[in-house]
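Hello,

Here is the structure I promised to pass on to you. My notes on it follow below, and I hope they are a handy starting point.

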Amino acid sequence: MGSDDHGAGLRSDRWFVPDDLRSMGHRSRMLQMGYDEADFLGKPVIAIVNTWSDTNPCHSHFKQRVEDVKRGVLQAGGFPIELPGLALSESQLKPTSMLYRNMLAMETEEMLRAHPVDGAVLMGGCDKTTPALILGAISAGYPMIFLPAGPMLRGNYKGQALGSGSDAWKYWDERRAGTIGEAEWKDVEGGIARSYGHCMTFGTASTMTAIAEAMGLTLPGATSIPAADAAHIRMSTQTGRRAVEMVREGLTPDRIVTRAAIDNALVVAMATGCSTNAVVHLLAMARRAGIPLCLDDFDRASRTTPVLANIRPSGKTYLMEDFYFAGGLCALMAQLTDRLALNAMTVSGRTLGETLEGAEIHNTDVIRPIDNPIYHEGSLAVLRGNIAPDGAVIKPSACLPRLLVHRGPALVFDSYPEMKAVIDRDDLDVTADTVLILRNAGPQGGPGMPEWGMLPIPRKLLRQGVRDMLRLSDARMSGTSYGACVLHLAPEAHVGGPLALVRTGDIIAVDVPNRRLDMLVDEAELAARRARWVAPPPRYERGYGKLYITHVTQADKGCDFDFLETGFGGKVPEPEI
Ligand code: FES
Ligand code: MG
């Protein structure tokens, strides 16, 4: 082997260069795959973490796209290796993909560390894949760049655009109300997901890829490109090329994921009318980078950032394809330059400010200029009170305004099956003022905080024309959901949070302008209830579930595993031999 012609200081050199038995083993097994030394020796080895699988429709194109990334890596003089990661299909996993976000994060971190890797391209987009890949890659610490899957094409139903998730909920309510029948419902089913790519509303997927771009972790404009657009292929190749250059430049994530990058992500999340899931994921990502983000940072950002993206579910009409044609995320960020830290570094090697130069809006109804927002504030609000001392989250822009200050009697469900069994009964004791409560659906109780927080409106009320009511839970809700849903109540009921003490008939008071959420039950009564409260049995006694319930943090901390957080224990050593 020609040890003189390898590049200086590559991490992968430690595998391939030394004249010893172990390195001979590494090299000979590369030769076994048909590579010769000219392919890999002395070249930046780029891991492509590909979350493709036959169960993830949002990533179906990744089988082809990974070849486009490889082409870019080769063009720039690198050596690509594809490492498959858990695909985390939002639409297929039970009880919830959130249970496995941390598993993919661990897998990503450990795969990168254990392999001869100098840098990484992370291929994700379906909800949890984005934060999971980024969490793991932040902890691994090698140069990395995120490649977003891109949104799918607009849905279609009788010539009308259908939005992922949002229109499924909407038409399901119409079906339960009896205004559409089975044939119409089947048309919705066949038309709502027309191509590969992630959900094309501003749900969790678009929110998280926008956050990744705002944090400087994608090429400029990458997150807005529809999956089926040829520009997505070109962006994939560019991403591969750029990964090689990042290794040569030593552009590691600690130079990109700074407090400024996290603050930029907060502003952009709010301006897009973000999914409530942004809260748990951004908290976790910031804390992995050693940045002490908390719920109040979200509330502050929400109060001062107007919503500019007129995309469903926060907006009325448009979808991600429209957002792309209107100028995409760069055009939106260009409206916010006085709120963004423009000197933040990005994976492109340029500052955020430099990457936004020349970005402009092509349709001012889709992306609103700063002086004509769809809401002046209110993407998210953080509520606290005696039922959620560690906080809860609501999306005021998605609520019926009369419910923002509301008092009503609680109707409590201890589990989703219990709720599902009775919610459509004609004799259910419920009015439009009732506050529906679901508990034991948090990080440990769910388990994994399933997206059950948009509790269905009882059928009897749907028939009366009711389409929104106040709902409370320790669950999450889909980023494509809407309505007066107070979510992520912390601590959760399963671990004895005060949500466990509320009873049907108790009066619940919510006051969003004053950020309050209380049960109007006196202290002595609550103390008596607490004394009688019995902890439910643990959800798991073995396996990954046991690891999960033992180490997952509460929603206000980001639901990471405590032992994965930066600052827990000593630094993880590099493999020695
Ligand atoms: Fe994959 Fe919505 S199901 S992003
Ligand atoms: Mg979702």
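**The C-terminal annotation**

Residues 365–559 are 16% helix and 20% strand, with the end C-alpha atoms 37 Å apart. Here helices (H or I, at least four residues) and strands (E, at least two) are DSSP runs, numbered from the N terminus. UniProt, in an unreviewed entry, gives this stretch as "domain: Dihydroxy-acid/6-phosphogluconate dehydratase C-terminal". UniProt positions are in the numbering used here, feature names are shortened, and annotations may be inferred rather than shown by experiment.

A word on conventions: this is a predicted model, in which local features need pLDDT of at least 70 and side-chain atom pairs count only at pLDDT 80 or more, while totals for chains, interfaces and linings use all residues. Residues are numbered from 1 along each chain as its sequence is written, and chains are lettered from A and ligands numbered from 1 in the order in which they are written.

Within this stretch, strand β9 (residues 405–413) runs antiparallel to β13 (residues 507–511), joined by five bridges; two strands pair if DSSP finds at least two bridges between them. Val 405 has Asp 511 of β13 as its bridge partner. β9 also runs parallel to β10 (residues 435–438), with four bridges, and there Phe 413 stands opposite Leu 438.

Met 469 sits in the loop between α18 (459–463) and β11 (471–473). Is Met 469 buried or exposed? It counts as buried because it has 25 C-beta neighbours inside 10 Å; the cut-offs are 20 or more other C-beta atoms within 10 Å for buried, 12 or fewer for exposed, and partly exposed in between, with C-beta atoms placed from the backbone. Leaving out residues up to four places away in sequence, Met 469 touches Ala 432, Thr 434, Leu 436, Ile 457 and Ala 484, a contact being two C-beta atoms, placed from the backbone, within 7 Å.

**The N-terminal annotation**

For residues 43–354, the unreviewed UniProt entry lists "domain: Dihydroxy-acid/6-phosphogluconate dehydratase N-terminal". This stretch is 46% helix and 9% strand, and its end C-alpha atoms are 29 Å apart.

An open, parallel sheet of four strands has the order β2-β1-β3-β4. β2 (79–84) and β4 (144–148) are at the edges with a single partner strand each, so one side of each has no neighbour in the sheet. Strand β3 (residues 119–124) pairs with β4 over five bridges, and Val 121 has Ile 145 as its partner in β4. Helix α6 (residues 129–140) lies across β1 (45–50), β3 and β4, at about 165 degrees to β3; axes are lines fitted to C-alpha atoms, for helices over the stretch in contact, and angles run from 0 to 180 degrees between N-to-C directions.

**Core and domains**

The domain assignment, which is automatic or from a database, gives domain 1 (43–153 + 195–356), domain 2 (156–192) and domain 3 (381–532). Between domain 1 and domain 3, 22 residues of the one are in contact with 22 of the other. On the domain 1 side, α13 gives the largest share, five residues.

The largest nonpolar core has 175 residues, of which Leu 122 and Ile 211 touch the most other members; such a core is a set of buried Ala, Val, Leu, Ile, Met, Phe, Trp, Tyr and Cys residues joined through C-beta atoms within 7 Å. Domain 1 and domain 3 both give residues to this core, so it lies between them.

Best wishes
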